[in-house]
Amino acid sequence: MDKYFKRALPYPSLRSVITAGLGAFLAIAALSLLTAHANLLLLIAPFGASCVLLFSVPQSPLSQPANVVGGHLLATAISLGLNTVLPETWWALALAVGLAIAVMAALRLTHPPAGADPLVVFAADPGLSFLLFPVLAGAVALVAIAALFHRLAGHEYPLKHS
């Protein structure tokens, strides 16, 4: 039973804890302010989870720009399509989540927070423009904020692939 409660992550430094929280705060604050004052919808709940990856484990393959933007775009596009042709039932929602995850995996664009995008799409029933605002614009903004933040903090992000 102990193996279920053992933590695989190493103890973080105080600096990394503060950096993670501050980065997430600044990213969500920026998107919130733009949403409120520039009349641009840039926020969806899964972006909070994206901030966990972007600022707490920026070196993870799941945190890289292609995964963040691509994962959210794929999951949302699949969900928008299924939401238009399928009835609003438990199995349609489950199919949307499963298919989104499978396509992200197949295309090597897995971003776990994007697995929640189908839940947002089926709950809100948005139009096709939802793919651009908030999903594409918000995901790109999050990646840009993370890149700037990590550069200023002296961290490598995005990772350089060799």
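Let's start with a pair of helices: α1 passes α2 in a right-handed crossing, where right-handed means that the near helix is turned clockwise from the far one by less than a right angle, and left-handed means anticlockwise. This is a predicted model, in which local features need pLDDT of at least 70 and side-chain atom pairs count only at pLDDT 80 or more, while totals for chains, interfaces and linings use all residues. Residues are numbered from 1 along each chain as its sequence is written, and side-chain values use heavy atoms, with hydrogens and water left out.

Back to the pair. Helix α1 covers residues 14–37 and helix α2 residues 46–56, and their axes come within 9 Å and cross at roughly 140 degrees. That angle makes α1 oblique to α2; angles under 35 degrees count as roughly parallel, over 145 as roughly antiparallel, 65 to 115 as roughly perpendicular and the rest as oblique. The axes are lines fitted to C-alpha atoms, for helices over the stretch in contact, and angles run from 0 to 180 degrees between N-to-C directions. On the α1 side the contact is made by Ala20, Gly23, Ala24, Ala27, Ile28 and Leu31, and on the α2 side by Phe47, Gly48, Cys51, Phe55 and Ser56. Sorted by class, this contact has eight nonpolar, three polar and no charged residues. Here Ala, Val, Leu, Ile, Met, Phe, Trp, Tyr, Cys and Pro count as nonpolar, Asp, Glu, Lys and Arg as charged, and the others, Gly among them, as polar. Contact means heavy atoms within 4.5 Å.

Now step back to the whole chain. The protein has six helices and zero strands, so defined as DSSP runs numbered from the N terminus, with H or I over at least four residues for helices and E over at least two for strands. From the N terminus on, the elements run α-α-α-α-α-α. The C-alpha trace spans about 50 × 50 × 35 Å along its principal axes. With 162 residues, a compact globule would have a radius of gyration near 15 Å, and the 17 Å of the protein agrees with that; the radius is taken over C-alpha atoms, and the globule rule is 2.2 Å times the number of residues to the power 0.38. Of the 162 residues, 37% count as buried, where buried means under 20% relative accessible area, exposed over 50% and partly exposed in between, with a 1.4 Å probe and protein chains only. Among contacts between residues at least 6 apart in sequence, 74% join residues at least 24 apart.

Helix α3 and helix α6 (residues 132–153) pack at an angle of about 165 degrees, with their axes 9 Å apart. That makes α3 roughly antiparallel to α6. Here too the crossing of α3 past α6 is right-handed. Pro65, Val68, Val69, His72, Leu73 and Thr76 of α3 meet Val135, Leu136, Ala139, Val140 and Val143 of α6. By class, nine of the residues in this contact are nonpolar, two are polar and none is charged.

Ser79 counts as buried because its relative accessibility is 0%. Beyond its neighbours within four places in sequence, Ser79 is in contact with Ala96, Asp117, Pro118, Val121 and Phe122. Another residue to look at is Ala114, in the loop between α4 (90–106) and α5. Ala114 is buried too, with a relative accessible area of 0%. Leaving aside neighbours within four places in sequence, Ala114 touches Gly71, His72, Ala75 and Met104. Ala114 and Leu74 are 40 residues apart along the chain, yet their C-alpha atoms are separated by 8.4 Å.

Finally, the backbone. A cis peptide bond joins Phe133 and Pro134, with omega about 20 degrees, and Pro134 is found in helix α6. The bond from Tyr157 to Pro158 is cis as well, with omega near -5 degrees; Pro158 lies in the segment after α6. Asn39, in the loop between α1 and α2, is a residue other than glycine with a positive phi, near 55 degrees. Asn39 is exposed, with a relative accessible area of 71%. Asp125, in the loop between α5 (117–124) and α6, has a positive phi of about 50 degrees although it is not a glycine. At 52% relative accessibility, Asp125 counts as exposed.
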